[in-house]
Each structure stands twice: as C-alpha cells, then as structure tokens.
There are 2 protein chains.
Amino acid sequence: MAAENLPIVRTVAALRAQVEAWRDSGLKVAFAPTMGALHEGHLSLIRLGLDRADRVVASIFVNPTQFGPNEDFDRYPRNEAGDSALLAGAGCHLLFAPSVQEMYPHGFATTITVTGVSEPLDGAARPGHFNGVATVVTKLLNQARPDIAIFGEKDYQQLQVIRRLVRDLDLPVEVVGAPIARAEDGLALSSRNAYLDSAQRQIAGQMNKALADAVARLAAGESVERVEATGRAALERHGFETVDYFEVRLVEDLSHPGPGPCSAPARVFAAAHLGRTRLIDNMGA
Amino acid sequence: MAAENLPIVRTVAALRAQVEAWRDSGLKVAFAPTMGALHEGHLSLIRLGLDRADRVVASIFVNPTQFGPNEDFDRYPRNEAGDSALLAGAGCHLLFAPSVQEMYPHGFATTITVTGVSEPLDGAARPGHFNGVATVVTKLLNQARPDIAIFGEKDYQQLQVIRRLVRDLDLPVEVVGAPIARAEDGLALSSRNAYLDSAQRQIAGQMNKALADAVARLAAGESVERVEATGRAALERHGFETVDYFEVRLVEDLSHPGPGPCSAPARVFAAAHLGRTRLIDNMGA
C-alpha cells in the first residue's frame with residue numbers, strides 16, 4: 001500500500017530526477033513545503049494538492065535562517081517517522097527531507113529580500129524572518145520545480161511574501177493558499193501548539209474568538225482603531241502574556257487601512273505569547 | 001535569410017512560449033543576456049552559444065537598478081536596430097527586448113543580495129550595483145529558462161556573483177564564461193568605449209598593458225603589494241584620472257591574497273576613469 005511506502009529523497013538531484021520524470025510523462029506536480037511536526041493543517045495541503053495535481057511532493061526542512069537568535073529553532077518539534085506516516089496516509093507521493101548541509105553548502109552567500117508586504121506584523125516582530133523564508137522558499141521551488149506550490153493561510157503574511165517574490169522573480173509556479181485548519185474551539189492548528197500546557201491551551205482558543213469578534217465589529221462599521229484596541233485588550237484579559245500585534249491590514253499589500261472604518265478587503269492579524277510559545281492567527285474581514 | 005529575420009519578443013509570455021517549444025522538441029537552448037550597444041565581445045557570446053546549444057536567445061535590457069544615481073543610465077548607448085542586425089548576422093535565433101515596465105511592474109519589491117564575492121572591487125566602487133545585477137539576472141534566467149547562460153569574463157566579478165547565486169538559489173542552468181574580446185591594442189571591448197575621444201582611446205589601451213605587466217610580475221614572484229602599487233601608478237602615469245582599483249584577487253572567492261607573493265590561482269582587476277567614462281578590465285594570473 002502507498003501509505004506504507006512513502007519514498008523519501010534527501011538530495012536535490014534525487015528530488016529533481018523524480019519530479020522531472022513525472023512532468024516528462026505529462027503528470028502535474030504539486031508541492032507543499034513544511035517544517036514537519038505535521039498536523040491536520042499540513043495534511044489539508046496534501047489533499048488540496050491531490051485535487052489540483054497528479055502527484056504531490058512534501059518537503060520537511062526546519063530552516064535555520066528563518067529563526068531569530070532567541071527563537072525556538074533548537075526545540076522546534078521534529079518527528080520524521082511520524083510525519084512520514086501521516087503524509088503517506090494522506091496520499092502524498094514523495095517526501096523531500098534535505099539536511100542543512102544540502103540546503104546551505106559551504107560558501108552559501110545569497111539572500112532574498114521582499115520589501116513592503118514583509119515589513120509589518122511578523123516582519124516587525126521577527127527581524128530577518130521573512131528574508132529566511134523568501135530565500136529558502138525560492139530554493140525549494142527551484143529545487144522541486146513543481147507546477148503548483150501550496151502554502152497555508154495560517155501564515156498569511158508568509159503567503160503574501162511568497163506570492164510577491166514568485167511574481168517579482170518570475171518563478172514558473174502557481175502559488176495556492178490553503179484555508180486555515182482549526183481545532184474544535186477555533187484554535188488555528190500549529191506545530192507550536194504542542195508546546196502548550198492545558199491551562200495555556202484553554203487560553204489559546206481565545207485568539208480565534210477575538211479575531212472573529214474583530215471581523216464582526218469591522219463589518220458593523222466600527223473604526224479600525226477601536227477594533228484593534230478591543231482585540232488587543234481581549235487577548236490580554238484572557239491571559240496572553242505579550243501581544244505582539246492585533247491589527248487590521250489590507251489584503252492587497254498588508255498596508256494599514258488607517259484608524260477609521262474600513263470597507264476595502266482586509267484581514268485581521270494577531271500574534272501573542274503564552275509562556276515561551278508564540279501563537280499567530282488571522283481571519284478575513 | 002535568417003540574418004534579416006531575427007524575431008524579437010517583448011513579453012515574458014512570448015519568450016517562454018518560444019523557448020518551451022524548442023525545449024519540448026528536444027533542442028538545447030543557450031541564452032546571452034546583454035544591455036545592447038553590441039560589439040564583437042557580445043557576438044562571441046552568441047557564437048559560443050551556437051557551439052554549445054541548438055538555439056541561442058539574446059536579451060537586450062538596460063537595467064536601471066544596476067546603475068547608481070550618478071552613473072550613465074540615461075546616456076548608455078541604445079541602438080536596437082543595429083544590435084538586431086548584428087545578432088542576426090552572428091546566427092542568434094531570438095531577441096528578447098522587454099520594457100522596464102515588463103521587467104518591473106507596479107509593486108515590484110524583491111532584491112537579491114550576494115555577500116562575499118560581490119563586496120570588493122566594483123561592489124565597493126558601485127554600491128548596490130551587484131544587487132541590481134543579481135536580481136535582474138535571476139529574473140532573466142527564470143523568464144527564459146535556458147539550458148545554458150553565457151556571460152563575458154570582461155565583467156568577471158559579475159560572472160562570479162552569478163555563479164554564486166545560481167548555485168545558492170538552485171537555478172537549473174549551466175553558467176558559462178566567455179573570454180574577453182579585445183581590440184588590436186588589447187583594450188577590452190566595451191559598449192562604454194564609444195564614449196571615448198581619440199586621445200582617451202589611446203590612453204585606454206594602456207589598461208590592458210598594465211594588467212599584462214602585473215600578471216608577469218606575479219609570475220616572477222613579485223609581491224602582491226608591489227604589483228598593485230606599480231599597476232596603479234602606471235595607470236595614473238598614462239593619464240587615467242581616477243583609479244578605482246588595481247588589485248590582485250583569488251579566483252575562487254575574490255578574496256585578497258595578502259601583500260606577499262601569490263601562488264594560488266588569482267586574477268588582476270582594474271577600474272579607472274577617463275573623463276566621464278569608467279573602464280574595467282581583468283586578466284588571469
């Protein structure tokens with residue numbers, strides 16, 4: 001059965017050989033880059049890939065260059081055997097799991113910077129993060145050369161950074177965003193949820209509720225300024241320790257709509273800490 | 001006759017359609033990006049492409065992002081009709097001549113930076129230059145998707161920057177360097193030679209002689225420090241007005257070999273001004 005036989009490749013050469021063979025025989029290839037510690041949200045990317053293409057490749061690479069010096073690179077959860085079984089079960093056809101050395105050989109010297117869309121929100125809270133993301137995603141797309149690439153909307157700003165760089169650098173791939181997968185209480189699924197103890201896990205579910213409330217208030221014509229203040233206060237009241245941001249942003253370029261009521265297509269973004277765990281979420285207004 | 005019928009495309013879509021059609025029918029495609037104002041050096045790239053591939057595409061794009069604010073972007077020579085005839089005569093199969101708008105549409109926000117190899121020499125003399133080069137070359141390679149890409153060794157540092165970014169970003173193309181084409185007195189052919197009056201043109205030929213002398217002195221065991229000082233003094237004595245650099249650099253990463261004798265593979269680089277014209281040249285030691 002396919003579920004027991006997910007092939008794993010660890011070199012760019014082996015990855016390309018397989019993807020090229022598929023494309024040469026007329027098969028359409030979808031690609032879902034991940035950092036592993038897979039959950040239902042990742043598996044929904046695989047299923048979306050199966051809807052849109054003939055073959056689905058996933059990658060697992062915990063990319064050191066997108067973590068800041070005080071972030072959780074070292075303790076980020078890693079479980080390749082478990083991930084591999086989940087991918088196989090979801091119908092994934094190939095796993096690319098390169099080493100850091102394969103991705104960043106001696107002498108590596110290139111960085112991709114996207115201005116604008118990468119600057120607010122996580123760009124401000126995590127300096128250098130989106131340079132790391134832009135660079136590794138460009139590499140992964142050039143390595144795999146898929147027809148379509150799928151990224152979750154949980155990292156919505158990341159998705160917009162990737163859309164921008166794919167357009168700007170003329171990468172020959174279609175970028176597809178996948179809806180956020182949520183737990184029953186609305187918590188956006190994230191590999192980092194595994195860090196939460198049960199009290200924190202209770203609090204975490206309030207982020208989604210604060211976002212939904214903000215979306216409703218915006219729809220009712222409340223000012224952006226007030227919606228943001230209310231949302232931030234709600235997170236603090238429920239027990240989030242530091243709120244990095246609770247902000248309304250225009251979908252097109254993630255610029256701020258200004259303090260008044262907002263009728264243009266917008267999205268509400270939140271990031272906040274529970275102990276050593278940083279959670280993010282967002283919702284379309 | 002082919003020489004009278006060089007097809008010109010101005011959009012990425014039209015370029016890709018032609019290159020993909022060739023590649024789908026099993027033809028190997030070479031690509032030579034240029035800024036136009038073509039001379040024998042450029043035509044040698046086309047001929048090298050014809051040796052190595054079945055079809056040769058040239059591009060002409062005077063890239064604004066690689067010129068500094070006080071450089072010669074506005075007066076850089078442009079002559080598409082003349083260039084097109086030269087390309088056709090050399091056997092080129094397709095010219096890609098995009099507009100600035102086609103290359104940098106509204107909202108463009110992405111920059112590629114290569115550290116190390118891009119920092120000395122022209123990197124120091126022309127801040128931002130190699131970011132502009134790295135970004136536009138990545139775009140052009142993603143647009144054309146050739147099998148091989150050919151760049152002249154006259155811009156040797158540029159060639160090394162491109163080799164580095166192609167490796168680092170996993171661009172699926174083979175980079176080939178083409179030897180410097182020279183006038184009878186040894187002057188490296190350059191579109192900017194057209195700026196020189198006849199007195200300046202006389203002086204210009206001395207740059208090549210200073211480089212050849214430096215190579216001979218290095219081979220004889222003279223110290224790098226002395227070779228550099230002698231070369232710089234020769235350029236100044238012959239009438240160059242400002243010498244940006246006259247330096248020995250290791251081929252591998254363009255690092256400096258230090259002041260003593262140099263036995264590792266090295267190259268000598270020079271850049272100097274004659275009036276408003278800046279000339280560069282280099283030679284293997």
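**Helix packing and the chain interface**

Reply: In this predicted model, helix α2 (residues 40–52) of chain A packs against helix α3 (residues 80–90) of chain A at an angle of about 35°, and their axes are 9 Å apart.

Me: Is the crossing of α2(A) and α3(A) left-handed or right-handed, and how do the residues of the contact divide?

Reply: On the α2(A) side the contact is made by A:Leu43, A:Ile46 and A:Arg47, and on the α3(A) side by A:Leu86, A:Leu87 and A:Ala90. α2(A) passes α3(A) in a right-handed crossing. The residues of this contact divide into 5 nonpolar, no polar and 1 charged.

Me: Which element gives the largest share of the side of chain B that touches chain A?

Reply: In the interface, 23 residues of chain B are in contact with 23 residues of chain A. Elements giving two or more residues to the chain B side are β5 (110–114), α6 (129–144) and α7 (156–168) of chain B. The largest share, 5 residues, is from β5(B).

Me: Which residue stands opposite A:Ile112 in β5(B)?

Reply: Strand β5 (residues 110–114) of chain A is joined to β5(B) by 5 bridges, and the two run antiparallel. The residue opposite A:Ile112 is B:Ile112.

Me: Which residues touch the most other members of the largest nonpolar core?

Reply: Nonpolar side chains tend to be buried together in soluble globular proteins. The largest nonpolar core here has 154 residues. Beyond its neighbours within four places in sequence, A:Ala270 has contacts that include A:Met207, A:Leu211, A:Phe246 and A:Ile280. The residues touching the most other members are A:Ala270 and B:Ala270.

Terms used. Residues numbered from 1 in each chain as written. Chains lettered and ligands numbered in written order. Predicted model: local features only at pLDDT ≥ 70, side-chain atom pairs only at ≥ 80, totals over all residues. Core = buried A, V, L, I, M, F, W, Y, C linked by C-beta atoms within 7 Å. Buried ≥ 20, exposed ≤ 12 C-beta atoms within 10 Å, placed from the backbone. Contact = placed C-beta atoms within 7 Å. Helix = DSSP H or I, 4+ residues; strand = E, 2+ residues; numbered from the N terminus. Pairing = 2+ DSSP bridges. Axes fitted to C-alpha atoms, helices over the stretch in contact; angles between N-to-C directions. Left-handed = near helix turned anticlockwise from the far one by under 90°. Nonpolar A, V, L, I, M, F, W, Y, C, P; charged D, E, K, R; others polar.
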